[in-house]
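Thanks for asking me to look this one over. Here are my notes, point by point, for you to read with the model open.

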Amino acid sequence: MSKRHAATIAARAGIAQDTAFGAVTPPLYLTSTYELKAFKQPGQYDYSRSNNPTRDLLAEALAELEGGVKAIVTSTGMSACLLALQLLTPDDTLVIPHDCYGGSYRLFTNLAQRKQAFKLVIVNFQQPDWADKVAAAKPKMIWLETPSNPLLQITDVRAVCQLAKQLQALVVVDNTFLSPVLQQPLALGADIVVHSTTKYINGHSDIVGGVLVCNRVQLGDELKWWANCLGITGAPFDSYMTLRGLRTLEPRLRLQQDNTAKVVEFLARQPLVAKVYYPGLPAHPGHTIAKAQQSGFGAMCSFDLAADAALLPVFFNALGLFTLAQSLGGIESLICHPGSMTHASMDAQAQQTAGIGPTLIRLSVGIENSDDLLADLQYAFNAVANAIGRADNAGAAGSVVKQPHEQQQQFRLNPALSAFW
Ligand SMILES: *Cc1c(COP(=O)(O)O)cnc(C)c1O
């Protein structure tokens with residue numbers, strides 16, 4: 001069969017494969033163990049930590065979506081990251097980006113410092129000297145996250161993979177922020193892709209899960225062995241839920257991305273917004289690379305509120321639609337303050353180095369009606385403006401920190417944004 005499109009792979013995940021009763025949707029196999037055919041004659045399955053038919057269907061679909069040869073479904077996104085790190089020994093060096101997901105940063109730094117599991121070198125891939133820094137580190141593995149969390153910085157995956165080939169290093173890409181519908185790192189030269197399936201792949205914020213996809217069988221077999229050995233494979237029920245969520249991945253993302261384009265356009269016009277972070281904006285430093293290596297700009301965006309951090313509660317309390325919560329990628333719109341939530345495990349210094357300011361706000365845009373989303377944000381900005389007005393009248397401090405030159409700076413929305421779909 002010719003290569004299928006992502007929407008087809010996702011929609012058909014696990015469909016019409018039941019050999020027992022011809023069920024169109026696959027059954028959920030809630031069993032820890034499996035009966036042998038006869039003495040010394042094991043069947044296809046023996047124990048659910050190792051293999052489970054429901055989990056295997058999800059793994060097959062995700063491997064095909066990422067263009068890989070083998071996928072291992074794990075209990076969480078973090079356990080997918082942990083699994084990839086099994087390829088390292090204490091003598092090996094891992095290069096990570098300075099602005100990766102807070103939980104990944106915590107895993108990398110604690111395994112390196114407290115367990116000496118590997119040597120760790122942090123590189124800012126946004127600096128022009130990134131290649132020199134990576135080469136000097138002599139890494140066994142290079143970790144990428146693009147777009148990054150929460151500033152949506154873009155790394156040129158192809159360029160890093162070319163350097164990695166010369167250095168004989170493995171490249172792992174955390175593709176959580178885009179999903180295989182919008183970016184396929186293996187096709188760009190990466191060896192391994194990891195996901196928190198908790199996010200877009202499941203898309204309904206009702207389970208946690210992860211996946212690791214490999215570009216070659218031997219690597220996949222080794223990591224499959226480790227997943228069983230460590231006991232971090234995904235639960236059958238969570239796999240069932242993720243299969244169900246996965247089927248609508250493509251249309252969900254299309255809606256979420258359309259809404260995001262409108263939200264970004266709105267934010268760029270807001271006097272109370274100092275800066276908008278979205279790769280779809282032509283002014284974004286990673287815009288050109290994003291356009292080349294992604295097939296859409298995604299549904300995550302961030303902005304700096306142009307007000308004193310003391311007014312953040314006013315903004316969050318005024319929202320009625322955007323839910324203040326960690327996580328992302330669900331059909332419901334979420335809002336978060338990375339400094340105190342997703343990236344709280346980074347100390348103040350690390351946050352500052354990563355460019356996470358005190359009033360940075362991150363949005364995960366859902367599938368609600370876009371007019372309602374914009375009205376919700378407008379209401380919250382008005383609440384902040386009123387609070388500033390009251391404070392100014394009372395002669396108190398809390399003033400707008402936006403500079404006049406920033407007010408003139410206008411982002412124009414790239415017309416190609418919608419043309420992406
Ligand atoms: C959420 C997330 C993770 C961790 O996944 P869990 O499912 O929460 O364990 C890793 N990387 C990125 C980019 C994430 O957003």
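1. A word on burial to begin with: a residue is buried when its relative accessible area is under 20%, exposed when over 50%, and partly exposed in between (1.4 Å probe, protein chains only). By that rule valine 194 is buried, with a relative accessible area of 0%. Valine 194 has its place in strand E6 (residues 192-196); strands (E, at least two residues) and helices (H or I, at least four) are DSSP runs, numbered from the N terminus.

2. Some ground rules. This is a predicted model, in which local features need pLDDT of at least 70 and side-chain atom pairs count only at pLDDT 80 or more, while totals for chains, interfaces and linings use all residues. Residues are numbered from 1 along each chain as its sequence is written, and side-chain values use heavy atoms, with hydrogens and water left out.

3. Now the ligand. Which polar contacts (pairs of N or O atoms within 3.5 Å) does the ligand make? A ligand oxygen is 2.9 Å from a polar backbone atom of glycine 77, and a backbone N or O atom of methionine 78 also lies 2.9 Å from an oxygen atom of the ligand. From the side chain of lysine 199, an N or O atom is 2.7 Å from a ligand oxygen. The protein buries 93% of the 380 Å² that the ligand exposes when taken alone (accessible areas come from the Shrake-Rupley method with a 1.4 Å probe).

4. On to the aromatic rings. Rings of Phe, Tyr and Trp (its six-membered ring) pair if their centres lie within 6.5 Å; planes under 30 degrees apart are stacked, over 60 edge-to-face, and the rest tilted. The whole structure holds 10 such pairs. Tyrosine 34 and tyrosine 45 make a tilted one, 5.4 Å centre to centre with 35° between the planes. Both tyrosine 34 and tyrosine 45 are buried.

5. The rings of tryptophan 225 and tryptophan 226 have centres 5.1 Å apart and planes at 85°, so this pair is edge-to-face. Tryptophan 225 is exposed at 53% relative accessible area, whereas tryptophan 226 is partly exposed at 24%.

Terms used: A polar contact is a pair of N or O atoms within 3.5 Å; within protein, one must be able to donate a hydrogen and the other to accept it, and residues adjacent in sequence count only if both atoms are side-chain atoms.
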